[in-house]
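Please find below some numbered comments on the model, written for a reader who wishes to check each point against the coordinates.

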Amino acid sequence: MSDDAPPKSAVEAESKALSSDGDEVNSLGPQGGAAPTRPVGKLDVLVQGAALFSDGYNIQIIGYMNTVLAKLYPKQMTTEVKTRLSNSILIGDVFGMLLFGFCIDRFGRRIGIYLTTFFLVLGIILATASHGNTVEGMFWMMVVGRGVAGVGAGGEYAVCTAQAVECADSTEAMRKRRGMLVAVATNAAIISGFVASSIVSLIVIAAYKGQPSDGIWRICFGIGIVLPLTIFLFRLRLSDSTQYSRHAIQREFPYWLAIKFYWKPLLGCCSAWFLYDFVVYPFNLLAPTLVAGFSSQQTMIESIGWSALINAFALPGAFIGALLMDRIGRRQTYALGWAIVCVFGFAIGGAMIQLNHVFPLFVTLYGLFQTFLSVGPGDCNFLVSSESFPTPLRGHFLGFAAAVGKAGAAIGTTALTQALASFDDTIKGQQALFLIGSAISVVGTLCVWFLIPNHPKNLEDEDVRFRDYLESQGYDTSSMGLKG
């Protein structure tokens, strides 16, 4: 964080006074006056995870459907088309993260619920109904549909994470477990969506007796619409948090002062998220391709099944990271996970030729590689990019960091897919991928350690610190908060 911080004692004194009444949602009321309140519970945090579970499903499902589409349309399903299908939702994510990060800070957290659900559902419908006069035309409609869904899915990153963090800070008991609660509601939920997409894929493919069919990808895409609509009404019950009601800036936003004060943590969060997504998304999406490279005799179910097992290793990692964060700290968990990923990645890359003859060992090591990606950066990206900034900036900077991350995912998917395809020898191509991923993890570890700040004990500390800084710079803070 910036060295221009106001005196710590002043921050602590005001924070203590303000945070003592922060145990209920929207205690200032929707217009800043007195209003009936509803006690906040863990369910308010975890329901955000249901929305992100849906995002994880819709992002990952294309990795498995690429295998189906490649068997249905071997001539049209080129490397370029495969990359376009994988990247379309990621590009939509970037727009959604930036757009809704801005919206939820300026217009309130609830507005994001309406709009993200609309875009997500519309995009899923378009992708599921994809058709055209040619196969290429059908693929383009699929790309557009998944891009629209990505706008909604990306917006959910900002909406759900901001709400989860602020709800988890609303009582002293929840505050002590804020890291664990938010990790479960964000990264663990998204990874669960990844795993669910593999299970659904296997069930639907098995129902078609392992034979490729257009019905497989249409059903798998269409199922993604169920959860967003199911939880929509429940999410509408959630109100803007006490922090937002007290500290919101809805006009004359001090962008330059915000960047001047928070440039270092913003750089750290963006860099770490970019590097993480550069590695994790290509490795998730390419899992069926990497596994299939060990044998030309694998059936569609075997290829997806093995890759599903590998991706499932990330789920226990999410819970391990959740348990560590409140104990050893966010930055420490972040760096620990990255460092262990380096070890496994270099080990797999260095021994790839030998592992080619011991397939179960490759699956185990690859799975552990995914586990520790989840323990460190997977869990910490959401939390650190929320806690490092005050409430008036949370949506803006969280959305921007997540968007930079998704840009890394799109770039990484393109670069690593092409790198793999550039090798005539499949094993050498896979070896190069793991060595590249490990080298990036080394850089990620350094970014985290030197750029990421330690987290505030409660969110009010950072809100007061930012308000005091604005006042010291001559900014009129009397307009902050929701007014009647």
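1. Val200, Ser201, Val204 and Ile205 in H7 meet Ile216, Ile219, Cys220 and Ile223 in H8, where contact means heavy atoms within 4.5 Å. By class, this contact has 7 nonpolar, 1 polar and no charged residues, with Ala, Val, Leu, Ile, Met, Phe, Trp, Tyr, Cys and Pro counted as nonpolar, Asp, Glu, Lys and Arg as charged, and the others, Gly among them, as polar. The helix labels follow DSSP runs numbered from the N terminus (H or I, at least four residues, for helices; E, at least two, for strands).

2. The model is a predicted one, in which local features need pLDDT of at least 70 and side-chain atom pairs count only at pLDDT 80 or more, while totals for chains, interfaces and linings use all residues. Residues are numbered from 1 along each chain as its sequence is written, and side-chain values use heavy atoms, with hydrogens and water left out.

3. Two packed helices are described by the angle between their axes and the distance between the axes. For H7 and H8 (residues 214-223), the packing angle is about 145° and the axes are 10 Å apart; the axes are lines fitted to C-alpha atoms, for helices over the stretch in contact, and angles run from 0 to 180 degrees between N-to-C directions. The crossing of H7 past H8 is right-handed, a term used if the near helix is turned clockwise from the far one by less than a right angle.

4. In the loop between H7 and H8 lies lysine 209, whose phi is near 60°, a positive value in a residue other than glycine. Lysine 209 counts as exposed at 72% relative accessibility, on a scale where buried means under 20% relative accessible area, exposed over 50%, and partly exposed in between (1.4 Å probe, protein chains only). Glutamate 252, in the loop between H10 and H11, also has a positive phi, near 50°, and is exposed with a relative accessible area of 67%.

5. Which residues does the buried lysine 406 touch? This residue, placed in helix H18 (residues 391-421), has a relative accessible area of 1% and touches Leu90, Asp93, Val94, Met97, Tyr157, Trp273, Asp277 and Tyr281, not counting residues up to four places away in sequence. Glutamine 243, in helix H10 (residues 242-247), is buried as well, at 6%, and its contacts, counted with that sequence exclusion, include Glu166, Asp169, Thr391 and Asp463.

6. On a 1 Å grid over the protein atoms alone, a cavity is a set of points where a 1.4 Å probe fits but cannot get out, and lining residues have an atom within 4 Å of a point; points are joined across faces, edges and corners, and a volume is the space filled by probe spheres set on them. The largest cavity is lined by 19 residues, of which Asn187, Phe194, Tyr276, Val280 and Tyr281 lie nearest its centre. The lining divides into 11 nonpolar, 6 polar and 2 charged residues. H7 (178-207), H11 (255-285) and H17 (359-387) each supply at least two of its residues, with the largest share, 6 residues, coming from H11.

7. For the chain as a whole, the secondary structure comes to 20 helices and 2 strands, and 61% of the 484 residues are buried.

Notes
On a 1 Å grid over the protein atoms alone, a cavity is a set of points where a 1.4 Å probe fits but cannot get out, and a pocket is an open set with protein on both sides within 12 Å along at least five of seven lines; lining residues have an atom within 4 Å of a point.
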